[in-house]
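Hello,

Here is the structure you are taking over. My notes on it follow below.

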Amino acid sequence: MNNLILNADIERGIIDRHVYGHFAEHLGRCIYGGFWVGEDSPIPNVRGIRIDVVEALKSMGIPNLRWPGGCFADEYHWMDGIGPREKRPTMINTHWGGVTENNHFGTHEFMDLCDQLDCEPYICGNVGSGSVQEMQQWVEYITSDAISPMTDLRRANGREAPWPLKFWGVGNENWACGGNMRPEYYADEFRRYQTYVRNFGSNEISKIACGPCRDDYEWTRVMMERTHGFMTDLHLMKGLALHYYTDYRKSATEFAESDWFAVMKGALYMDELITRHSAIMDQHDPGGEVGLVVDEWGTWYNAEPGTNPRFLFQQNSLRDALVAALHLHIFNAHNDRVRMANIAQTINVLQSVILTDEEKMILTPTYHVFEMFRVHQDAKRLSVELKVADYSLEDQVIPGVSASASRDPEGQIHLTLCHTNPNNPVDLVCELRGLKASSVSGRILTADTMTAHNTFDEPDRVNPVNFTGTELEGGALTVTLPAMSVVVLELA
Ligand code: AHR
């Protein structure tokens, strides 16, 4: 018997909407061609930003956008991206394919994009090859209302009022592309740089430090010990960024069940990583002041054949939809420590929610999971207990079903389910405690093959549809989950 208990009377805190965040780097066709086409483009745009993309991301409920990188961030000099576009210097994107960029998408364009998306900007500053002064001036340029050379410059560039800005990253992957630093060295650099990331007027910035690469627990320990808590009496960061990719350098769309299984297992490893990094953070920060910010996650396959391998353009199948659902469930379950997360990357790079080809745009299966799961954003997490058959392949096992439930501010209860087994359906008997449900409705995302994906010729191959696999009798709910599926239910 497969059982789920939903305890509607046991609340476990708020699921921060920012764990449903996104990431846009100057990499391949994410910014140029993805978000930005320029004002003179025949592709419909508002001030150079694609209308179709903005509409799709708004419908999905994008809460924040991280920019400009990634590895690009530690090579980016923001002053090259302001002022009249025709006068901006070009730059070589050395990290991502050595292409020349014209800097037409800079600070003003990014802030405009976030305004159009109605989402919070999250900017990552340059520690690796930048200076403290450069970072200090960038923050002042964006957020200060005082009279100063930086704010005069902003006004001269057409923006009178400062922009509100909540999230600031102090470098990216400073253990690798961001300067190859040791944790002890970066901890000191973080202490220095963050000093000059100032709060102007009423603007309050949450400073996010570069955190560990996957299971580098030593990095977390050093950062916590040297920049936060009782050992130092310092409270300098609001977030520590963890990066972990489900790295599986094979085809995104041609694979067997063993590949499906390996990718599910790789995604589930996120739970162990968060648990162990959180345990270290708990020692230094028992009050949970510092959030774990998983600001890069997602699948990383081989680039699509025939594309520039440094552009990291990959297709996105039903398998990616399940990877997204598993991650979002894990983040929800760790809502006491995980305050923000950003899937990499929004458009045309790695596990994207959108793919574009000139004027054409399609939504990926991953997009649909984010849209289905948006009901959890800023909702109260509810306790869920699961006893379900594992999914096993040869001598390996992973959980067959993962789940998450929440109550939104209007009092609606939502239950999301992810069934990893690609071979058989499962009947899930759900006990609803503390809740008298009289109706249930929902949507499902699945397909007839595990490699199913959307293309420009067949954009709706993997698309959510109404879900009819529920039975509600005498307050007991039975859900028949088809093989390899993601479901969202609303209980009323
Ligand atoms: O998302 C692609 C790259 O992966 C980012 O630039 C970097 O931070 C990470 O290694």
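With a relative accessible area of 28%, Cys 213 is partly exposed, in a model that is predicted. Cys 213 takes part in no disulfide, and the nearest cysteine sulfur, in Cys 210, is 9.3 Å away. Cys 114 counts as buried because its relative accessibility is 2%.

The whole structure was searched for disulfides, and one was found. This bond connects Cys 71 and Cys 177, with 2.2 Å from S to S. The torsion about their S-S bond is about -85°, so the disulfide is left-handed. Cys 71 sits in the loop between β5 (64-67) and β6 (91-93), while Cys 177 sits in the loop between β9 (167-170) and α5 (183-195), so the pair ties together parts that are 106 residues apart in sequence. The two partners can also be described by accessibility. Cys 71 has 9% relative accessibility and counts as buried, whereas Cys 177, at 24%, counts as partly exposed.

Next, the cavities. Searching the whole structure gives two cavities of 30 Å³ or more. Two strands, β10 (206-213) and β13 (239-247), each contribute at least two residues to the lining of the largest cavity. Strand β10 gives the largest share, five residues. Sorted by class, the lining of the largest cavity holds seven nonpolar, five polar and three charged residues.

The second largest cavity has a volume of about 40 Å³. Around the second largest cavity are Tyr 76, Trp 78, Gly 125, Asn 126, Ser 131, Glu 134, Met 135 and Trp 138. Helix α3 (residues 132-143) provides the largest share of this lining, three residues. By class, the lining of the second largest cavity consists of four nonpolar residues, three polar and one charged.

Which residues of α4 are buried? They include Met 150, Thr 151 and Arg 154. Viewed down the axis of α4, the buried residues fall within an arc of 95°, so they line one face of the helix. These buried residues pack against α2 (107-117) and α3. Pro 149 and Ala 156, on the other side of α4, are exposed. After α4 comes Gly 158, which has a positive phi, near 100°.

One more residue is worth a look. Glu 371 is part of helix α9 (residues 365-373). Apart from neighbours within four places in sequence, Glu 371 is in contact with Ser 59, Met 60 and Arg 443.

Regards

Key. Residues are numbered from 1 along each chain as its sequence is written. This is a predicted model: local features need pLDDT of at least 70, side-chain atom pairs count only at pLDDT 80 or more; totals for chains, interfaces and linings use all residues. Side-chain values use heavy atoms; hydrogens and water are left out. On a 1 Å grid over the protein atoms alone, a cavity is a set of points where a 1.4 Å probe fits but cannot get out, and a pocket is an open set with protein on both sides within 12 Å along at least five of seven lines; lining residues have an atom within 4 Å of a point. Grid points are joined across faces, edges and corners, and a volume is the space filled by probe spheres set on the points. Helices (H or I, at least four residues) and strands (E, at least two) are DSSP runs, numbered from the N terminus. Ala, Val, Leu, Ile, Met, Phe, Trp, Tyr, Cys and Pro count as nonpolar, Asp, Glu, Lys and Arg as charged, and the others, Gly among them, as polar. Contact means heavy atoms within 4.5 Å. Buried means under 20% relative accessible area, exposed over 50%, partly exposed in between (1.4 Å probe, protein chains only). The arc is that of the directions from the helix axis to the C-beta atoms. A disulfide is a pair of cysteine sulfur atoms within 2.5 Å.
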